[in-house]
Amino acid sequence: MLFMNKTLNKKMKILTYGCQMNVADSERMSRQLSTIGYEMIDEIEEADLILINTCCVRESAEDRVYGKIGEIKHLKRKNPKLIFGICGCMAQKEGDNLIKRAPHIDFVLGTGRVDQLIKIVQNLEEKNNSELGIRNLELRQLKNSAFRITHSEFIPIMYGCNNFCTYCIVPYVRGRERSRKPEEIINEIKSAVANGAVEITLLGQNVNSYGKDHKLANFAELLTAVDKIEGLKRLRFMTSHPKDLSDELIAAIRDGKNICEHIHLPVQYGSDRILQKMNRVYTVEKYRQLVKKIRDQIPNVSLTTDLIVGFPGETDEDFNETLDFLREIKFDAAYTFIYSKRSGTPAANFPDQVADDLKHKRLQKLMDVQNEISLEINQHLQDQIVEILVECASKNDENIFTGRTRTNKLVLFEHNDEKPGDFINVKINQPQTWILKGERY
Ligand code: SAH
Ligand code: SF4
Ligand code: F3S
């Protein structure tokens with residue numbers, strides 16, 4: 001029997017690039033594939049099926065994917081029955097051009113067609129006339145095999161984006177906003193929690209416009225309803241667009257039981273002139289007032305942001321305004337990006353594109369300013385005791401484990417018997433810019 005199972009299981013490897021939406025999609029795809037007998041493995045060399053879930057938000061993301069596609073060529077040569085597919089945002093954007101460029105790709109599946117994954121894979125298995133296809137016939141009874149639920153789950157509440165920031169490719173590769181029904185979301189979360197999830201992150205490109213298309217609930221109402229789910233310990237959400245973060249939402253976070261005090265609120269830039277060219281629809285002053293409101297209502301809140309430097313037409317003056325703005329707002333952390341020209345977006349054709357070396361210089365300056373601020377904020381946590389949700393071993397040292405505070409700060413501590421999903425107290429003894437080091441308390 002054991003032997004049977006061994007031969008029955010087909011092996012898949014899914015490589016995921018890009019945002020949490022892709023992470024959630026990859027989970028969904030792996031669950032689908034598990035119903036036709038695939039199990040997840042670590043070693044890519046042993047895979048019967050490799051999927052790359054791609055991102056195209058910046059050119060660097062695409063370059064990484066092209067590199068990976070190239071690397072897989074030798075695996076396909078070694079094992080011609082290997083099924084190799086590309087999905088995600090680059091698949092949507094490039095379509096079959098990817099196969100023209102790299103003929104060892106078997107299929108390309110855009111973001112709008114994820115539901116067809118199983119059919120495509122089964123067709124390829126049969127076309128290969130490989131043992132994979134034959135094995136398929138015997139697999140019927142394995143259908144709906146239990147899928148893995150982790151202690152922390154990402155749940156998409158809506159897909160797509162309607163905002164068309166002028167630099168951004170996402171609306172073109174993810175389509176218009178579609179909100180899932182509240183009932184469907186709540187049932188999914190209930191079953192995740194029943195299966196052991198203690199932390200849930202609600203996902204959308206702009207969660208604040210949740211429900212605008214079906215009017216069954218707005219985002220604040222959804223968040224409050226999810227917060228009531230028994231057994232859930234931490235509730236997070238991302239991303240919020242500053243243009244429509246409502247007072248009702250701020251109150252919902254303030255009054256919530258398990259809603260974490262962390263808001264990721266991408267500002268993108270700190271000068272009105274550039275914000276307008278980016279089509280962000282708010283001003284620096286409006287953002288400032290929003291932050292004040294949030295901090296007044298939720299005193300321990302941590303605020304993080306995204307910033308883009310080198311947007312077309314950026315002057316020294318714009319840039320200095322942005323530095324001043326950072327010094328004023330004092331974000332807990334900022335993810336900083338160099339503007340990347342995405343063909344098909346309006347900004348790609350804007351005049352006065354900024355030279356590469358200047359972009360890099362500005363990025364460095366921006367990071368220097370922000371790092372100092374992040375460190376200063378984190379230093380306030382010296383010797384404080386914080387509750388963290390244990391995640392996993394750190395990348396570099398398996399004796400060091402990571403966890404997160406409610407404010408979403410990463411904490412490193414020496415591992416004893418803690419397991420992923422445990423809540424423990426840690427005393428912070430070495431706060432740094434991006435991480436906090438501590439010891440079990
Ligand atoms: N919907 C989310 C996130 C979108 S993509 C939001 O609006 O906040 C994540 C981040 O990538 C963005 O916040 C932006 O800072 C960055 N980004 C998007 N397009 C980019 C581009 N063309 N060049 C550089 N950074 C970009
Ligand atoms: Fe892109 Fe703007 Fe939509 Fe975010 S809100 S996904 S930055 S277009
Ligand atoms: Fe990238 Fe697509 Fe997300 S372009 S950032 S993976 S929505």
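Predicted model: local features only at pLDDT ≥ 70, side-chain atom pairs only at ≥ 80, totals over all residues.
The largest cavity holds about 30 Å³ of space, and the structure has one cavity of 30 Å³ or more. Here a cavity is a set of points, on a 1 Å grid over the protein atoms alone, where a 1.4 Å probe fits but cannot get out, and lining residues have an atom within 4 Å of a point. The volume is the space filled by probe spheres set on the points, which are joined across faces, edges and corners. D25, M29, N53, C87, G88, T111 and V114 form the lining, with at least two residues each from α2 (20–34) and β4 (83–88).

Residues are numbered from 1 along each chain, chains are lettered from A and ligands numbered from 1 as written, and side-chain values use heavy atoms, leaving out hydrogens and water.

Now for ligand 1. Around it sit 15 residues, of which R58, Q205, Q268, D306 and S340 come nearest; being near takes a heavy atom within 4 Å. Some polar contacts (N or O pairs within 3.5 Å) are these:

| Residue atom | Ligand 1 atom | Distance |
|---|---|---|
| R58, polar side-chain | oxygen | 3.0 Å |
| Y167, backbone N or O | nitrogen | 3.0 Å |
| Q205, side-chain N or O | nitrogen | 2.8 Å |

Taken alone, ligand 1 exposes 540 Å², and the protein buries 89% of that (Shrake-Rupley method, 1.4 Å probe). β12 (302–309) and β13 (333–338) each give the shell at least two residues.

Technical notes
Polar contact = N/O pair within 3.5 Å; in protein donor to acceptor, adjacent residues only side chain to side chain. Helix = DSSP H or I, 4+ residues; strand = E, 2+ residues; numbered from the N terminus. 1 Å grid on protein atoms, 1.4 Å probe; cavity = no way out; pocket = protein on both sides within 12 Å on 5 of 7 lines; lining within 4 Å.
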